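Please look over the sequence and the model below before reading on.

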Amino acid sequence: MPPMLILGIESSCDETGVALYDTQAGGRLLTHALHSQVATHREYGGVVPELASRDHIRRVVPLLRKVLNDARRARDQIDAVAYTQGPGLAGALLVGAAFAEGLAMALGVPVIPVHHLEGHLLSPLLSSQPPPFPFIALLVSGGHSQLMRVDGVGQYRLLGETLDDAAGEAFDKTAKLLGLPYPGGPALAALAERGRSGVCVFPRPLLNSGDLDFSFSGLKTAVLTRVREIGEPDERQRADIARGFQDAIVDVLVRKAVRAIGISGLGRLVVAGGVGANRELRRRLNEIAAQGNIKVFYPEFEFCTDNGAMIALAGALRFQAGISQKPAGAFAARPRWPLGELFG
Ligand code: KG4
Ligand code: ZN
């Protein structure tokens with residue numbers, strides 16, 4: 001296959017991401033650009049879908065110009081356009097989909113609709129020390145918490161998943177309970193760093209369930225109960241609660257991931273998705289890896305949360321594997337798109 005220049009576009013939630021990936025010589029990311037909408041949504045305490053869509057419209061063209069400039073490429077050098085088709089916010093997805101399909105049609109190149117979670121799943125391959133297949137993936141984002149066996153591009157088997165809230169969702173909701181600003185996950189993690197372990201001990205849901213599923217909604221309720229017991233927690237108490245919450249969630253994620261490694265007999269764990277940026281999670285996993293039985297891989301911090309680079313990469317790998325490209329034209333965003341439909 002001749003070398004290809006793949007444009008990647010991400011617009012599933014509150015970040016517009018655009019990237020250029022060159023498949024030449026094993027493939028490399030040429031450049032990527034991101035606009036975060038944190039400032040837009042902050043005063044509302046969460047993502048406002050209509051504002052998200054409008055902002056994606058404003059940002060996508062300037063970001064495309066920027067990546068083309070930075071990579072010193074011309075628009076007509078693009079060989080295919082990959083975009084996040086779902087899952088995510090319908091309006092936000094439609095902006096990326098319509099833009100990608102329109103651009104591809106104008107250029108006369110194919111499009112590659114990408115599943116957002118596949119982007120996360122493959123994002124560690126962008127790092128300087130990429131994991132070889134097969135591996136176990138712990139995918140922990142705002143919308144998903146899953147353990148998967150990954151044998152290759154498009155070859156995914158679900159081993160376990162959350163029965164209710166996703167890990168990131170639990171971080172965000174708990175952050176709100178503690179009065180922290182959106183985006184809650186990183187704010188809660190920062191507060192937890194200042195708290196003391198063991199002062200507030202919360203349950204570890206499904207820890208001994210024998211399977212690889214998660215459940216986090218009860219943990220949020222346990223925090224709520226604790227906050228109500230205290231009444232108006234001061235700064236130190238809030239930090240201790242945050243620490244207790246983080247310890248509990250990280251403990252469950254780590255133990256289930258290690259169990260998945262044990263059951264599969266694979267020695268490699270990949271951590272992907274926004275919660276993969278959590279330092280305590282990384283510290284615990286690195287401690288286990290240091291004992292020598294498993295190797296843990298992470299995406300670069302900038303590729304843990306949503307970005308265009310992972311979409312360009314997933315698009316390039318799917319194109320090379322001969323899956324999922326199509327002529328530009330008829331398209332639909334897929335706000336709900338079970339990852340299971342990709343399982344080979
Ligand atoms: O992967 P992502 O950017 O978007 C989705 O696909 O959902 O993940 C966002 C999630 C949010 O719930 C956010 O609170 C969480 O990842 N997150 C974190 C951290 N950074 C982001 N959770 C815990 N600790 C962090 N440092
Ligand atoms: Zn994401």
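In which loop is the place of alanine 25? Alanine 25 sits in the loop between strand E2 (15-22) and strand E3 (28-36), where strands (E, at least two residues) and helices (H or I, at least four) are DSSP runs numbered from the N terminus. This is a predicted model, in which local features need pLDDT of at least 70 and side-chain atom pairs count only at pLDDT 80 or more, while totals for chains, interfaces and linings use all residues. Residues are numbered from 1 along each chain as its sequence is written, chains are lettered from A and ligands numbered from 1 in the order in which they are written, and side-chain values use heavy atoms, with hydrogens and water left out.

**Zinc site**

- The zinc ion (ligand 2) is coordinated at 2.0 Å by His116 through NE2, His120 through NE2 and Asp306 through OD, where donors are N, O and S atoms within 2.8 Å of the metal (3.2 Å for Na, K and Ca) and, as water is not among the atoms, sites may look incomplete.
- Because the four donor atoms around the zinc ion (ligand 2) subtend angles of 95 to 129°, the arrangement is tetrahedral; four donors are given that label if all angles lie between 85 and 135 degrees, whereas four count as square planar and six as octahedral if opposite donors are over 155 degrees apart and all others between 65 and 115, and anything else is irregular.
- The spacing of the donor residues of the zinc ion (ligand 2) along the sequence is H-x3-H-x185-D.
- Histidine 116 belongs to helix H4 (residues 116-122) and aspartate 306 to the loop between strand E10 (295-297) and helix H10 (309-320), so the pair ties together parts that are 190 residues apart in sequence.
- Histidine 116 is buried at a relative accessible area of 8%, and aspartate 306 is likewise buried at 12% relative accessibility; buried means under 20% relative accessible area, exposed over 50% and partly exposed in between, with a 1.4 Å probe and protein chains only.

**Ligand 1**

- There are 19 residues around ligand 1, of which His120, Gly142, Asp172, Gly274 and Asn278 come nearest; a residue is counted as near if one of its heavy atoms lies within 4 Å of the molecule or strand in question.
- An oxygen atom of ligand 1 lies 2.7 Å from a backbone N or O atom of glycine 142, and an oxygen atom of ligand 1 is 3.0 Å from a polar backbone atom of glycine 274.
- On the side-chain side, an N or O atom of asparagine 278 is 3.0 Å from a nitrogen atom of ligand 1.
- Ligand 1 exposes 550 Å² when taken alone, and the protein buries 86% of that, with accessible areas coming from the Shrake-Rupley method with a 1.4 Å probe and, for residues, only the protein chains shown counting as cover.

**Backbone geometry**

- Most residues other than glycine have a negative phi, and most peptide bonds are trans.
- The peptide bond from glycine 86 to proline 87 is cis, with omega near -15°, and proline 87 is placed in the loop between strand E4 (80-86) and helix H3 (90-107).
- A cis peptide bond also runs from phenylalanine 133 to proline 134, with omega near -10°, and proline 134 lies in the loop between H4 and strand E6 (135-140).
- Alanine 25 has a positive phi near 50° and is exposed, at a relative accessible area of 82%.
- Arginine 72 has a positive phi near 55°, is found in the loop between helix H2 (49-70) and E4, and counts as exposed at 74% relative accessibility.

**Buried side chains**

- Glutamine 246, in helix H8 (residues 235-264), is buried with a relative accessible area of 2%.
- Leaving aside neighbours within four places in sequence, glutamine 246 is in contact (heavy atoms within 4.5 Å) with residues including Phe171, Asn278 and Glu280.
- Leucine 138, in strand E6, counts as buried at 0% relative accessibility.
- Leucine 138 and leucine 269 are 131 residues apart in sequence and 7.3 Å apart in space, C-alpha to C-alpha.
- Threonine 84, in strand E4, counts as buried at 1% relative accessibility.
- The side chain of threonine 84 makes a polar contact of 2.6 Å with the side chain of glutamate 10; a polar contact is a pair of N or O atoms within 3.5 Å, and within protein one must be able to donate a hydrogen and the other to accept it, while residues adjacent in sequence count only if both atoms are side-chain atoms.
- Not counting residues up to four places away in sequence, threonine 84 touches several residues, among them Glu10, Val114 and His116.
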